[in-house]
Amino acid sequence: MDPQANPALNNEAMRNLRAAWPVFQQAEMAESWAGVIDVTPDSNPVIGPVDAIPGLTLATGFSGHGFGTSPAAGQLAADLVTNHPPVVDPAPYRFARLL
Ligand SMILES: Cc1cc2nc3c(=O)[nH]c(=O)nc-3n(C[C@H](O)[C@H](O)[C@H](O)COP(=O)(O)OP(=O)(O)OC[C@H]3O[C@@H](n4cnc5c(N)ncnc54)[C@H](O)[C@@H]3O)c2cc1C
């Protein structure tokens, strides 16, 4: 769960960055690291209850988009936990679709 960074990919990204944005010509990489992204089979997150464990609500599996979607995902999770009308249709995100 702690992969090495890929220097070839990082160097390519720097080349592309400098080509697209000349202001970055002198920019240097100060640090590099790699990580693991959680990805569900359909790339949609899991947001909703787990029927087998009453009281447990999941909000996970954001498939590399958890920053961007977090305001809506958090709202949906809160709506489901508090039994409020959900901000969006929760069906595409239900845990049972992956069983
Ligand atoms: C390299 C990389 C680039 C990304 N780029 C983007 C991007 O550009 N845009 C975007 O929208 N998303 C991006 N993401 C995805 C985004 O980071 C995740 O989707 C988001 O952080 C998931 O949030 P989370 O709260 O579900 O999980 P996490 O952020 O992983 O939070 C889980 C937390 O639980 C803690 N934890 C785990 N186990 C335990 C335990 N047993 N007890 C207590 N605490 C525990 C962990 O330490 C962690 O702090 C990227 C991810 C990676 C790795």
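The questions and answers below treat the ligand, the salt bridge, the domains and several single residues.

Guide: This is a predicted model, in which local features need pLDDT of at least 70 and side-chain atom pairs count only at pLDDT 80 or more, while totals for chains, interfaces and linings use all residues. Residues are numbered from 1 along each chain as its sequence is written, and side-chain values use heavy atoms, with hydrogens and water left out.

Visitor: What distance separates a backbone N or O atom of glycine 68 from an oxygen atom of the ligand?

Guide: A polar contact is a pair of N or O atoms within 3.5 Å; within protein, one must be able to donate a hydrogen and the other to accept it, and residues adjacent in sequence count only if both atoms are side-chain atoms. A polar backbone atom of histidine 65 is 3.3 Å from a ligand oxygen, and for a backbone N or O atom of phenylalanine 67 the distance to a ligand oxygen is 2.9 Å. For glycine 68 the value is 2.7 Å.

Visitor: What percentage of the ligand's area does the protein bury?

Guide: Accessible areas come from the Shrake-Rupley method with a 1.4 Å probe; for residues, only the protein chains shown count as cover. Taken alone, the ligand exposes 1000 Å², and the part of this buried by the protein is 33%.

Visitor: Which residue forms a salt bridge with arginine 97?

Guide: A salt bridge is a side-chain nitrogen of Lys or Arg within 4 Å of a carboxyl oxygen of Asp or Glu, and a search of the whole structure finds 1. Its closest N and O atoms are 2.6 Å apart, and the partner of arginine 97 is aspartate 42.

Visitor: What distance separates the centres of domain 1 and domain 2?

Guide: Domain bounds come from an automatic or database domain assignment, which gives domain 1 (1–34) and domain 2 (46–98). Taken over C-alpha atoms, the centres are separated by 34 Å.

Visitor: Is serine 63 buried or exposed?

Guide: Buried means under 20% relative accessible area, exposed over 50%, and partly exposed in between (1.4 Å probe, protein chains only). Serine 63 is found in the loop between β2 (57–60) and α2, and has a positive phi of about 55° although it is not a glycine. At 9% relative accessibility, serine 63 counts as buried.

Visitor: Is asparagine 83 buried or exposed?

Guide: Asparagine 83 lies in the segment after α2, and its phi is near 60°, a positive value in a residue other than glycine. With a relative accessible area of 72%, asparagine 83 is exposed.

How values were computed
Helices (H or I, at least four residues) and strands (E, at least two) are DSSP runs, numbered from the N terminus.
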